[in-house]
Amino acid sequence: MAEVKLNILYITQEGLYLHHELEKIKVERKYETIMELPIHHLQGIIIFGICSISPSLLRKCLERGIFVSYLTARGKFMGRLEGANSGNVLLRKAQFKKSEMDAEKLKIAKSIIAGKIQNSRLNLLRSARDLKDETKEKEIRNVVLDLERNLTSLEQASSVESARGYEGNSAKSYFSVFDHCIVQQKKDFEFTKRMKRPPKSRINALLSFTYSLLSNDCISACQAVGLDPFICFLHEERPGRPSLALDLMEEFRPFADRFVLTLINRKQIQASDIIEKTGSVYTLTDDGRKALLTAYHNRKQEEVTHYLLEQKCRIGELFLLQARILARNIRGEMPLYAPYIWR
């Protein structure tokens with residue numbers, strides 16, 4: 001299937017062929033055109049699974065500044081092509097310099113982790129408030145206390161490694177009660193533990209797919225403000241891994257978790273939208289991917305108030321705003337990076 005949301009063309013069915021005729025993109029399945037759209041409206045193309053794109057269209061995308069992202073059918077981010085980017089050499093030099101300063105790395109890493117723990121805590125409190133099972137509610141509130149203790153201890157972390165330890169402990173506690181937050185379709189979406197590669201349950205398939213979308217949004221945000229998405233402060237740097245985008249997405253992971261819980265609890269996604277393949281690996285069907293993408297983009301259209309900037313914005317703009325705040329910190333215009341806290 002192929003569809004356009006917010007000027008992004010999503011190709012969610014494998015085996016499709018994309019090419020262009022003059023200023024029009026054509027999406028074909030077995031020589032039959034299933035979609036046509038003008039190229040000048042597009043900001044990007046995101047391809048799930050194996051599809052083909054003509055060299056001529058690829059060149060046109062690069063010339064026009066239209067990015068092309070490749071994800072696996074299960075939503076794992078594989079790579080991204082984009083045209084020449086003028087970037088911001090002064091900002092990148094400052095980023096490189098700061099990434100080599102242990103004290104500065106630690107300050108940013110602690111802020112990012114604090115944001116993630118705060119947002120995880122708020123996620124759990126929201127679920128606890130709606131629960132009718134007193135035992136489960138008590139277990140969630142005990143984990144909330146754990147997170148608050150970790151948040152306090154995090155301030156004493158003397159290295160990025162020790163800060164990562166608090167993040168790991170908090171994530172372990174958080175996911176220990178994650179199943180309690182599922183109040184509908186529990187049998188089909190039972191959560192036992194986080195399994196990434198490959199996802200071995202329906203809920204892990206949903207989480208992995210949504211995290212991939214989040215990662216892509218954060219890469220776009222880093223590049224849009226002139227940051228190098230590969231030079232980071234919290235994660236370990238590895239060749240080909242967009243570690244700064246992963247840094248930036250940490251504070252948004254609880255948002256993705258809440259989004260997935262809502263999909264399940266409101267029955268916007270059902271068991272039939274995710275199929276089990278050989279080896280107990282779960283993956284979204286075409287209809288499931290379409291339902292998730294529609295809900296994700298609708299959620300990104302909702303308005304929130306950015307507490308630091310004191311202005312209203314769409315959720316979809318938060319990634320860019322946070323990347324700008326990080327850039328201001330790197331340039332020395334702000335003493336600390338301030339993560340976004342969902343209130």
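Guide: A pocket is an open set of grid points where a 1.4 Å probe fits, and its lining residues have an atom within 4 Å of a point. Note also that this is a predicted model.

Visitor: Which residues lie nearest the centre of the second largest pocket?
Guide: This pocket holds about 880 Å³ of space. Its lining has 16 nonpolar, 13 polar and 7 charged residues. Of the 36 lining residues, those nearest the centre are Ile-8, Gln-43, Phe-67, Ser-220 and Ala-221.

Visitor: Which element gives the largest share of the lining of the second largest pocket?
Guide: Strand 2, helix 6, helix 9 and helix 10 each supply at least two residues of this lining. The largest share, 8 residues, comes from helix 6.

Visitor: What is the volume of the largest pocket?
Guide: The largest pocket is lined by 45 residues, and Lys-196, Arg-197, Leu-246, Met-249 and Arg-253 are the closest to its centre. Its lining divides into 18 nonpolar, 11 polar and 16 charged residues. The volume is about 1,300 Å³.

Visitor: Which residues have the most contacts inside the largest nonpolar core?
Guide: In soluble globular proteins, nonpolar side chains tend to be buried together. Here the largest nonpolar core has 87 residues. Those with the most contacts inside this core are Leu-124, Leu-206, Leu-227 and Leu-292.

Visitor: How far apart are the end C-alpha atoms of helix 9?
Guide: Helix 9 has 15 residues, 286–300, and at 1.5 Å a residue they should span 21 Å. The distance between the end C-alpha atoms agrees with this, being 21 Å.

Methods: Residues are numbered from 1 along each chain as its sequence is written. This is a predicted model: local features need pLDDT of at least 70, side-chain atom pairs count only at pLDDT 80 or more; totals for chains, interfaces and linings use all residues. Side-chain values use heavy atoms; hydrogens and water are left out. Helices (H or I, at least four residues) and strands (E, at least two) are DSSP runs, numbered from the N terminus. The expected span of a helix is 1.5 Å times one less than its number of residues. A nonpolar core is a set of buried Ala, Val, Leu, Ile, Met, Phe, Trp, Tyr and Cys residues joined through side-chain atoms within 4.5 Å. Buried means under 20% relative accessible area, exposed over 50%, partly exposed in between (1.4 Å probe, protein chains only). On a 1 Å grid over the protein atoms alone, a cavity is a set of points where a 1.4 Å probe fits but cannot get out, and a pocket is an open set with protein on both sides within 12 Å along at least five of seven lines; lining residues have an atom within 4 Å of a point. Grid points are joined across faces, edges and corners, and a volume is the space filled by probe spheres set on the points. Ala, Val, Leu, Ile, Met, Phe, Trp, Tyr, Cys and Pro count as nonpolar, Asp, Glu, Lys and Arg as charged, and the others, Gly among them, as polar.
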